[in-house]
Amino acid sequence: MFSYIMLGTNDLPHAITFYDPLMEMLGYPRGGRNEDVAWWGVFNGNNTTALGIGRPFDKQDATTGNGVMVALIARSAEHIQQLHALALNQGGTDEGAPGLRPHYGEGFYSAYVRDPDGNKLAFVYYTAQS
């Protein structure tokens, strides 16, 4: 469904410091950077799957939208615990500790953080699926 997702930042070097280890742990090393944006994943035509962090195109301050969130698939519940801890260690803020959330569905395991710019991330794993 999605090709790529862009999140805004007011401090690209700080955002890169936050995202580099998280995306590496998820298996998506940084694929590129210029003075306005960094991206992780693969840009390959209709097979593009990537996350970009950048300064807004209109050169205005990046602001976060209440209710906007990017969910990233993890490999296991333990992987989510590691990602959550790493995000907090990198300057993120806790928005929900790792755990099962049965109100979202059977076996739905997740954790939530905000990056230094306030963008909300979820790390998710569907433990009930094979």
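Tutor: A salt bridge is a side-chain nitrogen of Lys or Arg within 4 Å of a carboxyl oxygen of Asp or Glu. The structure above is a predicted model.

Student: Which residues are linked with Asp 36 in a network of salt bridges?

Tutor: Asp 36 and Arg 55 meet through their side chains, 4.0 Å from N to O. Asp 36 also forms a salt bridge with Lys 59, where the closest N and O atoms are 3.9 Å apart. The residues linked with Asp 36 in this network are Arg 55 and Lys 59.

Student: How many residues apart in sequence are the parts that Asp 36 and Lys 59 tie together?

Tutor: Asp 36 lies in the loop between β2 and β3, and Lys 59 lies in the loop between β4 and β5. The pair therefore ties together parts whose separation in sequence is 23 residues.

Student: Is Lys 59 buried or exposed?

Tutor: Exposed means over 50% relative accessible area. Lys 59 has a relative accessible area of 62%, so Lys 59 is exposed.

Student: Which parts does the salt bridge between Asp 20 and Arg 30 tie together?

Tutor: The side chains of Asp 20 and Arg 30 meet at 2.6 Å, N to O. Asp 20 is partly exposed at 24% relative accessibility, and Arg 30 is partly exposed at 36%. Because Asp 20 lies in one part and Arg 30 in the other, the pair ties together helix α1 and strand β2.

Student: Which strands stand at the edges of the sheet?

Tutor: Four strands form an open sheet with mixed pairing, in the order β1-β4-β3-β2. A strand at the edge has a single partner strand, so one side of it is left without a neighbour in the sheet. The strands at the edges are β1 (4–8) and β2 (30–33).

Student: Which strands of the sheet does helix α1 touch?

Tutor: Helix α1, residues 12–25, packs on the sheet. The direction of helix α1 makes about 15 degrees with that of β3. The strands touched by helix α1 are β1, β2, β3 and β4.

Student: Is the pair of Phe 18 and Tyr 19 stacked or edge-to-face?

Tutor: Planes under 30 degrees apart count as stacked, and planes over 60 degrees apart count as edge-to-face. Phe 18 and Tyr 19 are 5.0 Å apart centre to centre, with 80 degrees between the planes. The pair is edge-to-face.

Student: Is Thr 48 buried or exposed?

Tutor: Thr 48 has its place in the loop between β3 and β4. A polar atom of the Thr 48 side chain lies 2.8 Å from the backbone nitrogen of Asn 44, and a polar atom of that side chain lies 2.8 Å from the backbone oxygen of Gly 45. Buried means under 20% relative accessible area. The relative accessibility of Thr 48 is 8%, so Thr 48 is buried.

Note on methods
Residues numbered from 1 in each chain as written. Predicted model: local features only at pLDDT ≥ 70, side-chain atom pairs only at ≥ 80, totals over all residues. Heavy atoms only, no water. Pairing = 2+ DSSP bridges. Helix = DSSP H or I, 4+ residues; strand = E, 2+ residues; numbered from the N terminus. Contact = heavy atoms within 4.5 Å. Axes fitted to C-alpha atoms, helices over the stretch in contact; angles between N-to-C directions. Phe/Tyr/Trp six-rings, centres within 6.5 Å; stacked < 30°, edge-to-face > 60°. Buried < 20%, exposed > 50% of the residue type's maximum accessible area, 1.4 Å probe, protein only. Polar contact = N/O pair within 3.5 Å; in protein donor to acceptor, adjacent residues only side chain to side chain.
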